Structure formats: structure tokens, C-alpha cells
Amino acid sequence: MTNLEDEKYMRRAIELAKLGEGYVHPNPLVGAVIVKDGRMVGSGYHRKYGCKHAEREAFASLQNKEDAMGATLYVTLEPCCHRGKTPPCTEAILEHKIARVVIGSRDPNPLVSGRGVRILQSYGVEVVEDFLKEECDALNPIFFHYITKKTPYVFLKYAQTLDGKIATKTGKSKWISCEKSREDVHFLRHRCMGILVGIQTVLSDDPSLTARYREHPRNPIRIVLDAKLRIPLDATLVKTAGEVPTIVVTSEEFLDADSLREKRLALENAGVEILGVPKNPDTKHLSLTALMQELGKRGIDSVLIEGGGCVNDSAIREDIVDEIQIYLAPKVFGGTAPSPVGGIGVSEVMDAKQYHFQSVERIGEDLKLCYRRA
Ligand SMILES: NC(=O)c1ccc[n+]([C@@H]2O[C@H](COP(=O)([O-])OP(=O)(O)OC[C@H]3O[C@@H](n4cnc5c(N)ncnc54)[C@H](OP(=O)(O)O)[C@@H]3O)[C@@H](O)[C@H]2O)c1
């Protein structure tokens with residue numbers, strides 16, 4: 001087997017892994033391909049949380065079980081060796097008498113991390129590690145973050161004009177970015193388990209925050225930061241709370257306040273969950289750090305923040321943002337219109353929060369810019 005052939009089959013496994021995007025949370029995206037005598041005899045990917053892992057899908061796709069004997073398995077993530085919702089994949093690999101396993105990423109899950117490789121090697125299976133590692137790692141920033149930190153991977157997304165505005169001076173933001181960019185945002189919503197906005201955005205835009213992406217999108221849990229429960233009962237988010245899970249986050253101190261009891265009951269009757277978190281003494285707003293810890297405990301591995309500027313400022317100041325996605329539209333608003341990050345700002349250049357450039361892509365008439373935590 002040449003290195004070029006290895007590359008061809010691992011790239012196929014990567015493409016397969018991506019088909020699970022949005023459906024496997026909080027599990028990783030994984031693809032697998034089985035090759036015997038220069039021919040692909042089986043392939044599969046992790047389709048949905050709780051369903052078979054990619055390796056088992058690939059074995060299930062074999063026409064003859066014997067085809068796996070002496071074959072090479074390409075898998076984008078180290079095979080698991082622990083019993084979770086499904087039995088260990090290392091067992092299936094040994095049962096099928098695979099001779100060689102080519103792995104992309106090492107699994108950072110402390111229950112696996114290198115153990116999967118060692119088990120296979122101890123049974124005489126040849127293992128190649130870190131193959132197309134960068135591309136394979138790029139499949140799973142969310143999983144790698146969540147499994148080690150136990151808090152969601154946080155995307156901060158906004159659409160801005162060339163002069164750095166996220167709304168007009170009268171607060172209108174529909175639509176800054178082009179239609180293709182908005183479709184791209186719906187894919188990001190489908191990929192994330194939670195979506196977070198501030199109450200002012202709800203009052204200005206009355207958004208639905210659902211994922212309108214292909215035939216079977218997965219809606220994120222909608223989360224509104226609203227310390228004083230100002231959200232109107234006729235807001236779209238409240239009216240649709242019976243269909244799409246919706247959490248309104250309020251201040252712990254107000255949770256049992258008499259003045260809010262009636263509103264709270266009305267929201268709960270509409271299907272909204274009310275969650276109390278403490279305030280952050282620095283930002284004077286609800287603590288996003290405490291909220292992320294709570295969401296992590298609930299198994300929410302990813303959150304998309306769709307601002308406005310006040311919430312974006314708190315998120316950056318509390319340093320919960322892992323990735324910033326900006327849709328830059330070729331428009332200029334000028335004047336006193338708001339910018340993506342509000343708050344008090346810094347006085348010195350050296351006090352700026354720093355991010356690393358990740359990618360740039362042209363989408364319709366806009367540019368999509370991605371930056372990661374430094
Ligand atoms: N172009 C874009 O991509 C985009 C995206 C979203 C919004 N927008 C625009 O942005 C504008 C709204 O932005 P905004 O800055 O005025 O308000 P915002 O960020 O939507 O909401 C701010 C409010 O949220 C509440 N809040 C609770 N916890 C918070 C926390 N930890 N940090 C910050 N706020 C918290 C506060 O009210 P309480 O104290 O009452 O809780 C605060 O006043 C609208 O015009 C909207 O159209 C544009």
C-alpha cells in the first residue's frame with residue numbers, strides 16, 4: 001500500500017465523517033473505510049448519537065465478513081476500547097481480523113487516549129497513528145474541547161458592515177449579510193447544541209433561532225439572557241417553546257422574587273424553562289462562566305452566541321469564546337450604529353483580546369472570517 005493510497009482512503013473517511021455533522025453530539029464525527037487488495041470493501045460513519053460507531057457501520061456494510069480478514073481499516077479517530085452506549089470498537093476490529101489500522105486523531109477522551117492503540121498492537125495489529133492528523137483533528141474541535149473541559153465549545157457569530165456595524169442607528173439588522181451567508185449560519189445552528197442571545201436582540205428582532213437547513217435540521221436549544229424576565233409572552237421564542245426547547249436565564253437572586261412570580265409561571269406554562277445563575281461582579285451581568293458550566297453538566301457540547309454587542313462583550317470579557325465567525329458584508333451604515341462588541345472597551349492596545357486567524361472564505365457577496373482563541 002503506497003502513502004498516496006493511504007491518503008486517498010483516509011480522505012474518503014474524512015468526507016464520510018462530515019455526514020454526521022449536527023446529529024452525533026456530544027459524540028465526535030468519525031468516518032471509517034475498509035480496504036482489501038486495493039479495493040474499498042466497506043465504509044461507514046457515526047450517523048447519530050447512540051447509534052453504531054463508524055467502525056461498526058463499516059463492518060456492517062461488508063458484503064462478506066471474510067473481506068475484513070487481513071484488510072486495512074482507515075478511521076479518522078482512535079477506536080474506542082470502553083463500553084459506552086455501544087460495545088468497544090477494538091473488539092470488533094479484532095473479531096474481524098483486521099491486519100492494519102490507520103488512525104487520524106488520537107482520542108483525548110481519558111477513557112481511550114492511547115489505550116485503543118495499545119490494545120490493537122498487543123494483538124499483533126499494525127497501527128499507523130497521526131495520519132492526516134491536522135485534517136482529522138479539524139473534524140472535532142467541539143468534541144476535543146468538551147471531553148477535556150466539560151463546558152461547551154463557544155462560537156461567537158455576527159454579521160457586520162464594512163464600517164464594523166451590526167445594526168443601523170435605529171437598531172435594524174435584517175439583513176446585513178447576503179442570503180448565502182444566512183444559509184451558512186443555519187448550518188452552524190444545526191451543528192450547535194445551544195444558541196444564545198441577549199434579551200435586547202429578542203426585543204428588537206423577535207427571532208425564531210431555529211435551524212432552517214436541508215430536510216432534517218436539528219434545532220439548537222434556545223437560550224435567552226434575561227435577568228429581569230422582560231421577554232414578552234407573545235415573542236416567537238415563547239410561542240414556539242412547546243416545539244423547540246427554550247431556556248430563559250435569569251438572575252439567581254430574582255428566581256423566587258414575588259414581583260416575577262406571575263411572569264415566571266406564564267413562561268413556564270408556555271413551555272419555557274427558567275434557569276437561575278449568579279451575576280458576574282465584573283460585568284454586572286449574568287455570569288456566562290457559570291452558565292457554561294451548567295450547560296456542560298447538561299451534556300450541551302457547543303453553543304452559538306448570536307449577540308448583540310452587549311452579550312458579545314460579556315462573552316469576550318469572560319473569555320468563554322473559542323471561535324469567532326464574522327460575515328463581512330459590503331455595506332456601510334455610518335453614524336452611531338452599534339458595533340459587534342459593546343461594553344467599556346480597553347484603553348491600551350496591549351490590553352486587546354487576541355485571536356488567531358483560522359480561515360477566510362467568500363460566500364456570495366460577503367466574506368466569512370474565522371478566528372480561534374489564541
Ligand atoms: N448583525 C448581527 O449579527 C446581530 C446579531 C444579534 C443582534 N444584533 C443587533 O444587536 C442589537 C441588540 O444588541 P444589544 O447589545 O443592544 O443587546 P443584547 O446583547 O441583545 O442584549 C443585552 C441585554 O441582555 C441582558 N443580559 C443578561 N445577561 C447578560 C450578559 N451576561 N451580558 C450581556 N447582557 C446580558 C441584559 O439585560 P438584562 O439586564 O435585563 O438581563 C442586557 O441589557 C439589536 O439591534 C440587534 O438587531 C445584530
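Student: What should I keep in mind about numbering and confidence?
Tutor: Residues are numbered from 1 along each chain as its sequence is written, and side-chain values use heavy atoms, with hydrogens and water left out. The model is predicted: local features need pLDDT of at least 70, side-chain atom pairs count only at pLDDT 80 or more, and totals for chains, interfaces and linings use all residues.

Student: How many salt bridges does a search of the whole structure find?
Tutor: Side chains of opposite charge can pair when their charged atoms come close. Here a salt bridge is a side-chain nitrogen of Lys or Arg within 4 Å of a carboxyl oxygen of Asp or Glu. Searching the whole structure gives 21.

Student: How far apart in sequence are the parts that Glu21 and Arg191 tie together?
Tutor: Glu21 and Arg191 meet through their side chains in a salt bridge, 3.9 Å from N to O. Helices (H or I, at least four residues) and strands (E, at least two) are DSSP runs, numbered from the N terminus. Glu21 sits in the loop between α1 (3-18) and β1 (31-36) and Arg191 in helix α7, so the parts tied together are separated in sequence by 170 residues.

Student: Is Arg191 buried or exposed?
Tutor: Buried means under 20% relative accessible area, exposed over 50%, and partly exposed in between (1.4 Å probe, protein chains only). Arg191 has a relative accessibility of 18%, so Arg191 counts as buried.

Student: Which residue forms a salt bridge with Lys157?
Tutor: Lys157 is in strand β6, and its partner, 149 residues away, is in the loop between β11 (302-305) and α12. Both residues of the pair are buried. The closest N and O atoms are 3.6 Å apart, and the partner is Glu306.

Student: What is the N to O distance between Asp184 and Lys368?
Tutor: This pair links helix α7, which holds Asp184, with strand β14 (residues 366-373), which holds Lys368, 184 residues apart. Asp184 is buried at 18% relative accessibility, and Lys368 is buried at 11%. Their side chains meet in a salt bridge with an N to O distance of 2.8 Å.

Student: Which element gives the most to the lining of the largest pocket?
Tutor: On a 1 Å grid over the protein atoms alone, a pocket is an open set of points where a 1.4 Å probe fits, with protein on both sides within 12 Å along at least five of seven lines, and lining residues have an atom within 4 Å of a point. The largest pocket has a volume of about 1,200 Å³, and of its 50 lining residues, those closest to the centre are Thr201, Asp205, Glu306, Gly307 and Gly308. Elements giving two or more residues include β6 (153-161), β7 (194-198) and α12 (309-317). With six residues, the top contributor is α7.

Student: Which residues does Asp313 touch, beyond those up to four places away in sequence?
Tutor: Asp313 lies in helix α12 and, at 9% relative accessibility, is buried. Contact means heavy atoms within 4.5 Å. Leaving out residues up to four places away, Asp313 touches Val341, Gly342 and Gly343.

Student: And where Met69 is concerned, which residues are in contact with it, leaving aside neighbours within four places?
Tutor: Met69 is in the loop between α2 (54-60) and β3 (72-77). Its relative accessibility of 45% makes Met69 partly exposed. Its contacts beyond those neighbours are Lys36, His96 and Lys97.

Methods: Grid points are joined across faces, edges and corners, and a volume is the space filled by probe spheres set on the points.
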